[in-house]
Amino acid sequence: MTSIALSSAAPTGLKVDAVIVGAAPADDGLALLPGTESLDKAMKKKLAEVLVQLGATGKADEVVKFPTLGAAKAPVVAVVGTGPLGEAGDPQRREALRRAAGAAVRALAGSESVAVALPIEDAEDAGAVTEGILLGAYSFDQYKSAQGAPAVRAATVVGPGVKAKNVKEAVARAELVGAAVNRARDWVNTPPRDLTPQAFAEAATKLVKGTKLNIDVLDEKALAKGGYGGIIGVGQGSANPPRLIRVAYRPARATKHVTLVGKGITFDSGGLSLKPAEGMAEMKSDMGGAAAVIAAVHALAELGPKVAVTAYAAMAENMPSGSAQRPSDVITVYGGTTVEVLNTDAEGRLVLADALARAAEDEPDLIVDVATLTGAAIVALGKRVAGIMANDDDIRTKVHDAARRAGEQMWPLPLPADLREKLDSPVADIANIGDRNGGALQAGLFLNEFVDPGTGWAHLDIAGPAFTDKPHGYTPKGGTGVAVRTLVQIVEDVAADRL
Ligand code: BES
Ligand code: MN
Ligand code: ZN
């Protein structure tokens, strides 16, 4: 990962390949942001004029590069638009900074080292800039025989107060969180022939080795013996057998317990209810929820909040074959509920039913599941926004607020009780599909059946934002690592008695 250094020197004096500064839109064209002073001075106060001549407006994701011609030690300057920047302390400001840092670093791929002189007013701003750099510099080139422009390798975060202790702490947190998001992205981007349920379990085992975390992996035999009919049913058509992974973080003197549950379909072909070829390749991202919960619990163990955290990753590959489950099969999930599988492509809820029912046995205070669950969530909210459902209005509101402060776009969706009857089955306790209307909500209501009504529960449908075809801000093409930052924030909020 990109290395991060801090400097309170003027950016023009730093020996780097490129300097990044910021501009914001203003009534009279464009406003230079703090961090631009030394460069502007060296350019005889002509920086704003040059930018206007180059067509810059200061809008978000806009990057203008030009040679410094001696005005700075770095040969190149990149001026990035932040869009309107709010006040210090406003999550929207932090997200604007995160996005600007990421967009600039992405545009500078091929430069070894950069100095980022964006306006940093407090420790949180510095953390956001750091996250933006680390996330924007991400690249996945393990499978390329020849590399393209290599990502930025070293970045210096520049600002007058960055040597303060609280800034260093915020930057250290950002480095842990950034690494966790990038780890989740790596898992999502890994082709499904290599990231099988077993391979993912091995990667999780390797990750937690030598940490405070404990891991348990149930293989296909243990799953069958334990009555995990959902994970077995979904995985039985594949040559790559399923797994249930449980990772536990148990700090001393924890008074609260949060359980994270992730959907881990390493490839979702739809099974016998086969998906059309168009868009099927994106279904390597159907384990994005599992990647997020494992990456988050690992980051949390390093951050050290006094909250117990358990992460479950329900892993299976959904494939059609002679041994695959059939539409009309009835399976018995963990805990004994019978499910009529009317559509094998509604498989995420089946593996989650097992994991949620198992999670209830640990008696947590709060359960948050994360799943690339429904195309309907994309229809409702688009490709960039995740849906939040919950069995409690206060929890949904607080999870939404945690996402906002973490800089992730999520939006509340309801769980209307009257939709539940669409899942009635004539032969089993419940069917795995209803009808087309409100598909994301019906999926949420299905999951709700496996949650103890006395336990707080939130469900994040990340089908849209888990994967992107189009790079934007600090998000390169491919797996995005969505939900990692929100999950970390949720647990920190529980530790702070805020949730
Ligand atoms: N993994 C998909 C949902 C999905 C679709 C995620 C597109 C990301 C992008 C899920 O398993 C699925 O196939 N859901 C079905 C449910 C339907 C059969 C009730 C869907 O949304 O079409
Ligand atoms: Mn599916
Ligand atoms: Zn799926």
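Predicted model: local features only at pLDDT ≥ 70, side-chain atom pairs only at ≥ 80, totals over all residues.
1. Setting aside neighbours within four places in sequence, Ile294 is in contact with Trp187, Phe200, Ala204, Leu207, Ile245, Val247, Ala311 and Ala313.

2. Ile294 belongs to the largest nonpolar core, which has 62 residues. Within that core, the residues that touch the most other members are Trp187, Phe200, Ile245, Leu260 and Ile294. Helix 9 (residues 288-303) supplies the largest share of the core, 11 residues. Another core lies apart from this one; it has 44 residues, and Tyr312, Ile331, Met389 and Leu415 are among them.

3. Helix 6 and helix 9 pack with their axes 11 Å apart and at an angle of about 10°. Because angles under 35 degrees count as roughly parallel, helix 6 is roughly parallel to helix 9. From helix 6, Phe200, Ala204 and Leu207 meet Ala290, Ala291, Ile294 and His298 of helix 9.

4. Four aromatic pairs turn up in a search of the whole structure. One of them joins Phe140 and Tyr143, with 5.9 Å centre to centre and 35° between the planes, and is tilted. Phe140 is partly exposed, at 23% relative accessibility. Tyr143 is also partly exposed, with a relative accessible area of 44%.

5. A further pair is formed by Trp187 and Phe200: the ring centres are 4.9 Å apart and the planes stand at 65°, so the pair is edge-to-face. Trp187 sits in helix 5 (residues 165-189) and Phe200 in helix 6 (residues 197-208), and the pair links distant parts of the chain, 13 residues apart. Trp187 has a relative accessible area of 10% and is buried. Phe200 is buried too, at 0% relative accessibility. Both residues are listed with those that touch the most other members of the largest nonpolar core.

6. Helix 5 also packs with helix 4 (residues 123-136), at an angle of about 30° and with the axes 8 Å apart. That angle makes helix 4 roughly parallel to helix 5. The crossing of the two helices is right-handed. On the helix 4 side, the residues that meet helix 5 are Ala123, Ala126, Gly127, Thr130, Glu131, Leu134 and Leu135. Their partners in helix 5 include Ala170, Ala174, Val177, Gly178 and Val181, and also Arg173, Glu175 and Arg185.

7. Is Thr455 buried or exposed? Thr455 is placed in the loop between helix 13 (439-448) and strand 18 (456-461). At 10% relative accessibility it counts as buried, because the cut-off for that class is under 20%. Not counting residues up to four places away in sequence, Thr455 touches Pro364, Asp365, Leu366, Ile367 and Asn391.

8. Leu54 is another loop residue, found between helix 2 (47-53) and strand 4 (63-67). Leu54 is partly exposed, at 47% relative accessibility. With neighbours within four places in sequence left aside, Leu54 is in contact with Val64 and Phe66. The C-alpha atoms of Leu54 and Ala443 are separated by 50 Å, and the two residues are 389 residues apart along the chain.

Key: Residues numbered from 1 in each chain as written. Chains lettered and ligands numbered in written order. Heavy atoms only, no water. Phe/Tyr/Trp six-rings, centres within 6.5 Å; stacked < 30°, edge-to-face > 60°. Buried < 20%, exposed > 50% of the residue type's maximum accessible area, 1.4 Å probe, protein only. Helix = DSSP H or I, 4+ residues; strand = E, 2+ residues; numbered from the N terminus. Core = buried A, V, L, I, M, F, W, Y, C linked by side-chain atoms within 4.5 Å. Contact = heavy atoms within 4.5 Å. Axes fitted to C-alpha atoms, helices over the stretch in contact; angles between N-to-C directions. Parallel < 35°, antiparallel > 145°, perpendicular 65-115°, else oblique. Left-handed = near helix turned anticlockwise from the far one by under 90°.
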